[in-house]
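This report looks at the pockets of one protein model and at the residues that line them.

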Amino acid sequence: MFDPDIAPSGTLLGLLQRGRGDGTLHALAAPRAEALAVLDDCVLRDARRDWQVENRSLYYARLYMQLDGGLDAIERHLFHPDDGVDTAEERTGLALSVLGHLAAYGRDAARLLLRGYAASGSNWRWALDELALRDDDAGLAALAPAVLARFPATAEGDAELAAAVRDAFEPRPWRLWAEDPRYAERLAAAGEQGSFDRWQRQLRPRGPRPGWSVADVLRWAEEGAPGAGEQRYLAAARCLGAVAGPEDRPALLSAARVGPDAARAAVLHHLAERGDPDALDLIEATAGDPAAGEVPTAAALAAFARMRSTDAVLGRARGWARRGDELGAAAAAVLARRGDARDAGVVLAALRRTVRVDGPDAGALWELVDGVGRLGVGCAAPVLRHVYRETASSELRGRTAAALAVTDPGFAAGFAVECLWDCEESTRELAARHAATGDDRVVEQLRRLAADPAEEAEVQTAVRSRFGPDASAA
């Protein structure tokens, strides 16, 4: 199974979309024009499930460098008329990040594209942040007129400018422009307004006040706007920790059984955090109640996952783990995190069942993959190899590689080799520690990673550990 936007894993497009090391190796072996067309497609149509946590930009930038790829397709994408209509960061963010890495590698064309887009594009803030890390003072100073012209000299424009200065991810351009007499006064005022806005928010807290009772906190939990969800009930649970006393326990138990959704969720979380003797029964009753709302059901499962490891908690988890519902899945995840050797079979069964029923991208796989690795379940290697090949998540693939390093005797000479080219730095670090050096490509890539200024320090440390005076690169 695969997402409609993700190509099959056996294709070059599917490999590059996933950020697999084999994607780079296959691209370098393919006809150059074909490889560049597929690479452009990946950069211009970001296929990541979660673009905020999965890395691809350095991976793609390195491939552009190795293929000596041009940037015409990226330029057309950035400056297409659609840029004025579809202003979401997801449309251009990956392309801008790739250009940032290329600029760091010395590609002047990439730096010029970033400057042009920062001056006229809808996602100019992202482009400006990339330049803040890679451009010189003169290049940044030349952007000041175009960027500041976005904020008219009106009350509304000044407020928007203050917000832009306050929320800038990389403040270097704004500080540089503030030193220019032409813009100093306006930017100083914008900076002061941003500081004032933060101060005002601190003076207007909208949460619980000292002196509130348990009933007040539960009422506040229910006042959250639709969609406030988890954030509101968790905040209410923390407040209960401060105001609830032994005399409030009957009211809390009643709310946990029959209270409104948000209040019920907050109380379940509160009781589980404190190891209340009735918490496990309440969690089981809520998770198994077809009439329970989505919020209290999710809260019950999350509260169980967060409970401290005790004999009672692990005992319930072992009893629930064979259930085929959400509580069974939560119990298997608890055993994956905290169980011992006797739980290996249950965790492996849950892993196999989850892959079979929900596919290689199911959210429950993260904990289960970690669990079979932690427990050293050797017979898990076949299903782990399947998840490694098929998942669209580079984060899950990295966790799976870590589990394979423990469970698969062939990992060092197999997947560990391609992991040296993976898009995730943690996966490259794992490979740098495990990949067998009998393959000439491994030694060459290790040396390349050690010399690459864009590579993360942890990866380079792992590489040096293989080639140090006391190391054996085997």
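In the second largest pocket, α21 gives the most to the lining, with 6 residues; helices here are DSSP runs of H or I with at least four residues, and strands are runs of E with at least two, numbered from the N terminus. The model is predicted, with local features needing pLDDT of at least 70 and side-chain atom pairs counting only at pLDDT 80 or more, while totals for chains, interfaces and linings use all residues. Residues are numbered from 1 along each chain as its sequence is written, and side-chain values use heavy atoms, with hydrogens and water left out.

A pocket is an open set of points on a 1 Å grid over the protein atoms alone, where a 1.4 Å probe fits, with protein on both sides within 12 Å along at least five of seven lines, and its lining residues have an atom within 4 Å of a point.

Nearest the centre of the second largest pocket lie Glu326, Ala329, Ala330, Ala333 and Ala364. Two or more residues of this lining come from each of α19 (294-306), α21 (326-338), α22 (344-358) and α23 (365-374).

For the largest pocket, the residues nearest the centre are Ser97, Trp126, Glu130, Leu133 and Phe169. Its lining takes the most from α8, which gives 8 residues.

The volumes below are the space filled by probe spheres set on the points, which are joined across faces, edges and corners.

| Pocket | Volume | Lining |
|---|---|---|
| Largest pocket | about 1,000 Å³ | 37 residues |
| Second largest pocket | about 500 Å³ | 23 residues |
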